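This report describes one protein model for a reader new to it. The sequence and structure come first.

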Amino acid sequence: MSPNVSEKERPFSGAIIGFGNVAARAHVPAFQKDPRFRIRAVVEPDPERARAAKHLLPDVRVFSSPEELFDRDTVDFVDICTPPCFHGELILKACKAGCHVFCEKPLVTSIEDMERVVHALVDAPSIVFTVNNWKYAPLWQETIRAVTEGRIGRVESVKINVLRTPTSGGGATDWRRRATIAGGGILLDHGWHNLYLTCALLSQAPLGVQASMKHLPEDGSRMEETVNLFLEFEKAQAHIFMTWRAETRGNLGEVLGSEGSIQMLDDHILLSCPDASPGRLSFSESLSGSSHHPEWMDAVVESFHRELTDPEARGGNFQEALLCARITQLAYQSHQEGSRTLPLDQPASVKTAAP
């Protein structure tokens with residue numbers, strides 16, 4: 001079935017590429033609950049994880065490589081759950097095979113890979129969709145809603161702190177600690193989420209990017225463990241601090257507006273605004289409570305389906321990915337050039353996918 005499949009031919013058939021923890025704990029449950037999708041195949045060369053896939057999905061066909069999948073089966077989309085260094089090539093192969101793409105973040109690890117994807121999409125009718133799942137966290141949804149409704153006036157500054165301990169790893173193989181597989185450190189990992197969230201809060205792209213990083217190894221592998229990232233917007237500023245050197249895990253932040261503020265404190269927000277007394281809104285799970293957040297995935301899958309079936313909805317998610325990739329590139333460049341502020345060469349107003 002090609003990306004031009006008509007709505008009458010639902011459900012969309014898919015293949016998961018890479019059956020690690022995020023696939024098993026977050027992606028599979030979400031697709032299994034949605035009758036509009038059917039996971040029909042899995043690509044996994046590791047025998048133990050291939051057996052885990054068959055245990056959770058007894059009816060799937062298991063392939064050892066993407067080439068084998070595309071040679072022997074036909075699916076509407078691939079769900080890429082591999083470590084980041086493989087994303088770019090897999091996206092290109094999927095587009096060439098006529099498949100849509102549902103991909104874990106970061107979509108790619110370099111601006112060069114992003115440019116190759118953009119070029120591939122000129123000739124391919126595929127949708128490339130990144131799992132930007134943090135925008136569906138209840139805490140972030142409430143924060144963005146309060147800002148959008150103007151409850152704190154015009155946003156003047158955003159501060160975000162992402163705290164992770166030195167033991168923070170990456171799935172079964174600890175890939176986040178392996179530069180050649182992860183493609184970068186905490187900026188590429190946690191930074192991706194906080195970039196699209198910050199831009200969503202302000203409904204625009206930044207004008208300038210400045211960054212400083214610490215704990216970079218001497219071999220130049222870019223495994224940054226602490227990052228101070230500053231974004232300059234037309235009438236606001238943002239500071240995103242991220243570290244893998246914290247004593248405890250946590251996600252904290254503050255949005256200051258011309259008429260109030262919102263404090264984000266991992267599992268609750270404190271809202272101070274003119275139209276109401278200061279209030280606290282609590283949530284059942286803290287932002288730092290897990291790495292997979294399966295409870296947010298239903299909305300991600302819903303958004304993916306909307307792009308598949310509604311031409312007017314297409315492209316918003318990919319524009320977010322383009323923006324994240326560009327800011328990330330400039331952040332690395334800024335650090336390498338003595339933390340000078342670099343301009344973002346694109347319009348200040350960008351299309352973003354609504355949560």
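What percentage of the residues in the protein is buried? Of the 355 residues, 54% are buried, a term for under 20% relative accessible area with a 1.4 Å probe and protein chains only. The model is predicted, so local features need pLDDT of at least 70 and side-chain atom pairs pLDDT 80 or more, while totals for chains, interfaces and linings use all residues. Residues are numbered from 1 along each chain as its sequence is written, and side-chain values use heavy atoms, without hydrogens and water.

The protein has 10 helices and 15 strands, taken as DSSP runs (helices H or I, at least four residues; strands E, at least two) and numbered from the N terminus. Among contacts (heavy atoms within 4.5 Å) between residues at least 6 apart in sequence, 70% join residues at least 24 apart.

**Cysteines**

No disulfide (a pair of cysteine sulfur atoms within 2.5 Å) is found in the whole structure. The sulfur of cysteine 81 lies 8.1 Å from the closest cysteine sulfur, that of cysteine 103, which is too far for a bond.

| Residue | Relative accessible area |
|---|---|
| Cysteine 81 | 9% |
| Cysteine 273 | 9% |

**A helix pair**

Helix H1 (residues 21–33) and helix H9 (residues 297–309) have axes, lines fitted to C-alpha atoms over the stretch in contact, with angles running from 0 to 180 degrees between N-to-C directions, that come within 9 Å and cross at roughly 60°. H1 is therefore oblique to H9. Residues of H1 including Ala26 and Phe31 meet Met297, Asp298 and Val301 in H9.

Definitions and conventions: Buried < 20%, exposed > 50% of the residue type's maximum accessible area, 1.4 Å probe, protein only. Parallel < 35°, antiparallel > 145°, perpendicular 65-115°, else oblique.
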